[in-house]
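Subject: Structure handover

Hello,

Here is the structure I promised to pass on. Please open it next to this email; my notes follow below.

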Amino acid sequence: MDNQNLSAMKYDLAIIGGGPAGYTAGERAGENGLKAVLFEKKTVGGVCLNEGCIPTKTLLYSAKILETMRKASRFGIRSDGKPEADLPQIIERKNRIVQRLVGGVKMKLSAAGVTVVAGEAVLDGEENGAIRIRCNGETYQAAYVLLCTGSETVIPPIEGLDGTGYWTSREALEATALPESLAVIGGGVIGMEFASFFNALGVRVKVVEMMPEILGATDKELAALLRADCKKKGIEFYLGTRVTAVDGRTVRGEKDGKPLSIEADKLLVSIGRRAVWKGLGLESLGIATNRNGVTVNDFMQTSHPRVYACGDITGYSLLAHTAYREATVAVSHLAGGDEKMDYRAIPSVVYTQPELASAGLTEEELKAAGAPYTVRKIPMTYSGRYVVENESFNGLCKLLLDPGERVVGCHLAGTPASEFIVAAGIAVARGYTAEAFGSFVFPHPTVSEILYECVHS
């Protein structure tokens, strides 16, 4: 930190937003001996903990157990009766878990000495080396500010949508009754995770996606594998379809210039999320933005040297684990460190059943850049542990190598891909060659051994 007199300021660091970036920054501030205040207008934990990552994974785990019970006979287990889902009980369990984890975050902030203020904070210029923040009619001062106000659901301007009582992810997470059928507008990660959940509970699910394949920037081979498996389970897909209007139970669309109609009892809108920064008072400090969010450098600094931004507000990587790392980099830098943010190997996971997980570049990105590469890939069934635990999905492990045989990408299809994709991410981030990566000893029998097998394929 610089040598300015902080004694005249109320706080060393003001954090606006209590999601993954905000509460991580609060903890790191405490570790660095900084006096910090955190403003949160809703609930500490942000979207991720309250209506995103944790609640959706709680629901998906219940769906996984249900699907496993239905397949129990394949594993030599007999059970009487037909397993059924109790949606109100699933939702109640989800709420209990969220409350428990929110309590844990509050305890960590308290232990770090962070003052938590419930209310909507707004930047209000600066004076005498201090940045002003207004909240609940009071003015706070801080030497540094960290902006982490997150993102919000994008609602497309579709004719008739407002009068349908549609769901976003928030409403879907609170539903205590199942519709007979569900149309999901948007085949991205959020859309596919909810499609997987409701399909497992017996709802007829129809996914409408404007692009030619689901899951956006995900490796297209993996996306196609997941879509094929979901189709076997009864999920219908309308790819390359633009929704033009909603009329009661009917979703009207257009594909290849031809109109089509899709019937469903309920509609879930999940076409994406966008950064929240309007009304934050950025103009009072001349903070620059771009079309996606607040502009930052490698240290997470905005155009104002004492204002940082982390998490979804930057519009770059709308993932909680990215926000954790960005907050760590930001607090380290304002405390005198020189760590930079590195996005080369941020893991990405789709928590459907089966799971998809990726780190590094995709084939599509390498082709678009004109970069030469080679592919090594094998079915997940090359892992004995995978065969033991999976009966109906062969899966895939794919490694992408540059001309120097360095690992530049890894893409996995098959549960539990989420649990070991980090190993491949480390290989990408550290620039390991396939030979160096393959020299590590993977425990046997584990599904992670598939990485070793793929290297030597």
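This is a predicted model: local features need pLDDT of at least 70, side-chain atom pairs count only at pLDDT 80 or more; totals for chains, interfaces and linings use all residues.

**Helix α7**

The helix runs over residues 220–232, 13 residues in total. From first C-alpha to last it reaches 18 Å, close to the 18 Å expected at 1.5 Å a residue. Its buried residues are Leu-222, Ala-223, Leu-226, Asp-229 and Cys-230. These cover an arc of only 130 degrees around the axis, so they sit on the same side of α7.

What covers that buried side? The cover of the buried residues includes one helix segment, α6 (189–200). It also includes the strands β10 (236–238), β17 (348–350), β18 (356–360), β20 (396–401) and β21 (407–413).

Both ends have a detail to look at. At the start of α7, a side-chain oxygen of Asp-219 comes to within 3.0 Å of the backbone nitrogen of Glu-221. Just after the helix, Gly-234 takes a positive phi of about 105 degrees.

**The cores**

The largest nonpolar core has 65 residues. Phe-198 and Leu-451 have the most contacts inside this core. Helix α6 supplies the largest share of the core, six residues.

Which residues does Leu-451 touch, leaving aside its neighbours within four places in sequence? Leu-451 is in contact with Cys-397, Leu-399, Cys-410, Leu-412, Phe-420, Ala-423, Ala-424, Phe-437 and Phe-442.

**The chain as a whole**

The secondary structure comes to 13 helices and 21 strands. Along the principal axes, the C-alpha trace spans about 70 × 60 × 50 Å. A compact globule of 457 residues would have a radius of gyration near 23 Å, and the chain's 24 Å agrees with that. Buried residues make up 50% of the 457. Take the contacts between residues at least 6 apart in sequence: 64% of them join residues at least 24 apart.

Best wishes

Technical notes:
Residues are numbered from 1 along each chain as its sequence is written. Side-chain values use heavy atoms; hydrogens and water are left out. Helices (H or I, at least four residues) and strands (E, at least two) are DSSP runs, numbered from the N terminus. The expected span of a helix is 1.5 Å times one less than its number of residues. Buried means under 20% relative accessible area, exposed over 50%, partly exposed in between (1.4 Å probe, protein chains only). The arc is that of the directions from the helix axis to the C-beta atoms. Contact means heavy atoms within 4.5 Å. A polar contact is a pair of N or O atoms within 3.5 Å; within protein, one must be able to donate a hydrogen and the other to accept it, and residues adjacent in sequence count only if both atoms are side-chain atoms. A nonpolar core is a set of buried Ala, Val, Leu, Ile, Met, Phe, Trp, Tyr and Cys residues joined through side-chain atoms within 4.5 Å. The radius of gyration is taken over C-alpha atoms; the globule rule is 2.2 Å times the number of residues to the power 0.38.
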